[in-house]
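Have the sequence open alongside, and take the stops in any order you like.

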Amino acid sequence: MNRPLPPLSLYLHVPWCVRKCPYCDFNSHGIDAGASLPEGDYLAAVLADLEADLPRVEGRELVSVFIGGGTPSLMAADFYRRFLTRLGEALPWAADIEITLEANPGTFEQARFAAYREAGINRLSLGVQSFQDAQLQALGRIHGGAEAERAVREARSAGFDNLNIDLMHGLPGQSPDLALEDIERALALSPSHLSWYQLTLEPNTEFHSRPPVLPEEEALWAIQDAGHARLEAAGLARYEISAYARPGRRARHNLNYWRFGDYLGIGAGAHGKLSHRDPEDDSLVIERRWKSRQPEAYLRRREDPRGFVAGHRRVDAEELPLEFAMNALRLTEGVPMALWEAHSGLSRAALEACLVRARNLGLLVEDDARLQASPQGLLFLNELLASLEE
């Protein structure tokens, strides 16, 4: 009997932004002053990229689409209407497909919200980061707190009832009181989903080479404890390390990542993960592929016989346990042990010594039927993963 393939999503990357933020390590590239986006050329490229990948997923149903960046809301709504139209012709869609667009709260983008909704986008993720003007300036953001609040209201007026707010904490000059004030201002806007995560200084960023002064560790713990409690009390249930949602509004696209689902990666620097069955033993073979990263190089790949793929590799069997655990253990509910066995290729018995060690360290919940991080394990996920490798 054939083993079922995991659910399929699609990620579309838009690599441009108005200005590169000093903390950002994503594949994003600031627009030169006076320059215009090559919107038409990029649309032609991503459509060609999609066509090249379609034979690998023929007939599979698509459960979600996520459009990230960069700043995807720099593109006109017609860009997405044309992309989604072709995507709908090429693949069957789940009846309740989730299609998310990341957007920034700058006023020059807000007028596009209604057009994005009409183009088929049904979920908006607003990169607010903070409602405090001083913190936004320290982060290099181009909007203010009042603009962010106005953007949320206008998105609702445009028909977006499924709306995420991205917030960061542990910001330069941020006290616990200011961090909680950000949460209160976000809650006042009644988002259906909130992503709340700590600023980290990533390699190859301006903040990594010139680090700002961040809150002390004691203040960070106070922020996290108070913030988690306030969000839960407001009816936003924590279901992943940094994600909170109202009932029925968990991010389906991100859940597919964390449950080790498959996804096509379209656009400059996009990564994909696809499974197929080994005809000899019916095991699932997983391949990861990534596309050319630099926007100019990606656009030139249309004329390259190698296509848009910059690299690919098969995930070896010995890598699967850690690959799966790195995603699944981010979920507060964890995953059934049967799902672990199916995706990792290891039986529960083979993991027994590691499970005992992790539980003795207080990092795993005592439940033989599930692989689930304890509250302590969510805080120290790297230590939990290390205990499962040993």
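Let's begin with the residues around the largest cavity, which is lined by Asp53, Arg56, Tyr263, Leu264, Gly265, Gly272, Lys273, Leu274, Arg289 and Lys291. Strands E12 (271-277) and E13 (284-291), together with E11, are the elements that each give two or more residues to this lining. Please keep in mind that this is a predicted model.

**The cavity**
- The structure holds 1 cavity of 30 Å³ or more.
- The volume of the largest cavity comes to about 50 Å³.
- Sorted by class, its lining has 5 charged, 3 nonpolar and 2 polar residues.

**Backbone spots to check**
- Glycine 69 and glycine 70 are joined by a cis peptide bond, with omega about 25°.
- You will find glycine 70 in the loop that runs between strand E4 (62-69) and helix H2 (77-90).
- Asparagine 204 is not a glycine, yet it has a positive phi of about 65°.
- Asparagine 204 sits in the loop between strand E8 (193-198) and helix H8 (206-209), and it counts as exposed because its relative accessibility is 79%, where the cut-off is over 50%.
- Phenylalanine 260 is another residue other than glycine with a positive phi, here near 70°.
- The loop between helix H10 (252-258) and strand E11 (262-266) is the place to look for phenylalanine 260.
- Is phenylalanine 260 buried or exposed? With a relative accessibility of 1%, phenylalanine 260 falls under the 20% cut-off and therefore counts as buried.

**Helix H12 and its neighbours**
- Helix H12 covers residues 320-328, and its buried residues are Leu320, Pro321, Glu323, Phe324, Ala325 and Ala328.
- Which elements do the buried residues of H12 pack against? Their partners are H10, E13, strand E14 (309-314), strand E15 (335-336), helix H13 (337-344) and helix H16 (381-389).

**Threonine 332**
- Threonine 332 lies in the loop between H12 and E15.
- Its side chain reaches the backbone oxygen of arginine 238 at 3.2 Å.
- Leaving aside residues up to four places away in sequence, threonine 332 touches Arg238, Tyr239, Glu240, Gln372, Ala373 and Leu378.

Technical notes
Residues numbered from 1 in each chain as written. Predicted model: local features only at pLDDT ≥ 70, side-chain atom pairs only at ≥ 80, totals over all residues. Heavy atoms only, no water. Helix = DSSP H or I, 4+ residues; strand = E, 2+ residues; numbered from the N terminus. Buried < 20%, exposed > 50% of the residue type's maximum accessible area, 1.4 Å probe, protein only. 1 Å grid on protein atoms, 1.4 Å probe; cavity = no way out; pocket = protein on both sides within 12 Å on 5 of 7 lines; lining within 4 Å. Points joined across faces, edges and corners; volume = space filled by probe spheres on them. Nonpolar A, V, L, I, M, F, W, Y, C, P; charged D, E, K, R; others polar. Contact = heavy atoms within 4.5 Å. Polar contact = N/O pair within 3.5 Å; in protein donor to acceptor, adjacent residues only side chain to side chain.
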